[in-house]
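I opened this entry to keep track of what I looked up, one topic at a time.

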Amino acid sequence: MGEISTLRPREVVHQDVEAIAVIYRNLGAPVAEQMVTRALGELALTMAGIAEKVRSQELRDLARQLGRLTRLAGDLGLSSLATVAGDAKTCLERADSTAFSAVWARLLRVAERSLVLQAQPADHFR
């Protein structure tokens, strides 16, 4: 018998730093930091709400929430997160439960990596 390997997918997330830079340029550092922090909190709460709905298999209104996540992530320049959230919404709308399960697992990984990336100091935008 051969050796069994456990696969641990690692997601490379893409971010459009210009989206955040524009917010900082337009609003100034103090106001922009408050706004971005608030938006990240809203994004995290939205993701937590979606995760709870998926865990409880409550799919009603889930497509709308995934659309909201897509918009929030896009506004913050979290390109990978926005794309994968949109893919999850598409799978849900097509009633493809197998694809949704796979994309959902990816969405969890990308969301975690994206939020960690955003938690880093934003000094380079000032």
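**Threonine 46 and its surroundings**

I began with threonine 46 and, leaving aside its neighbours within four places in sequence, I found it in contact with Gln65, Arg68, Leu69 and Leu72, where contact means heavy atoms within 4.5 Å. I note that this is a predicted model, in which local features need pLDDT of at least 70 and side-chain atom pairs count only at pLDDT 80 or more, while totals for chains, interfaces and linings use all residues. Residues are numbered from 1 along each chain as its sequence is written, and side-chain values use heavy atoms, with hydrogens and water left out.

Threonine 46 lies in helix 2, helices being DSSP runs of H or I with at least four residues, numbered from the N terminus. I looked up its accessibility and found threonine 46 buried, at a relative accessible area of 7%; buried means under 20%, exposed over 50%, and partly exposed in between, with a 1.4 Å probe and protein chains only.

Which side chain does the side chain of threonine 46 meet in a polar contact? I found that of arginine 68, at 3.4 Å; a polar contact is a pair of N or O atoms within 3.5 Å, and within protein one must be able to donate a hydrogen and the other to accept it, with residues adjacent in sequence counting only if both atoms are side-chain atoms. I also noted that a polar atom of the threonine 46 side chain lies 2.8 Å from the backbone oxygen of glutamate 42.

**Helix 1**

For helix 1, residues 17–27, I listed the buried residues as Ala19, Ile20, Ala21, Ile23 and Tyr24. What covers them includes helix 2 (29–55), helix 3 (62–75) and helix 5 (97–118). After helix 1 comes glycine 28, and I recorded its phi as positive, near 85 degrees.

**The aromatic pair**

I found one aromatic pair in the structure. Phenylalanine 100 is buried at 9% relative accessible area, and tryptophan 104 is buried at 11%.

**Salt bridges**

How many salt bridges does the rule give? The count comes to seven, taking a salt bridge as a side-chain nitrogen of Lys or Arg within 4 Å of a carboxyl oxygen of Asp or Glu.

One that I looked up joins arginine 25 to glutamate 18, with the closest N and O atoms 2.3 Å apart; arginine 25 is exposed at 54%, whereas glutamate 18 is partly exposed at 40%.

Another joins arginine 55 to glutamate 52, with the closest N and O atoms 3.3 Å apart, and these two are three residues apart in helix 2, about one helical turn. Here arginine 55 is exposed at 60% and glutamate 52 partly exposed at 42%.

I also looked up lysine 53, which forms a salt bridge with glutamate 58, the closest N and O atoms being 3.2 Å apart. Lysine 53 counts as buried at 17% relative accessibility, and glutamate 58 as partly exposed at 34%. Salt bridges that share partners join Lys53, Glu58 and Arg60 into one network.

Technical notes: Rings of Phe, Tyr and Trp (its six-membered ring) pair if their centres lie within 6.5 Å; planes under 30 degrees apart count as stacked, over 60 as edge-to-face and the rest as tilted.
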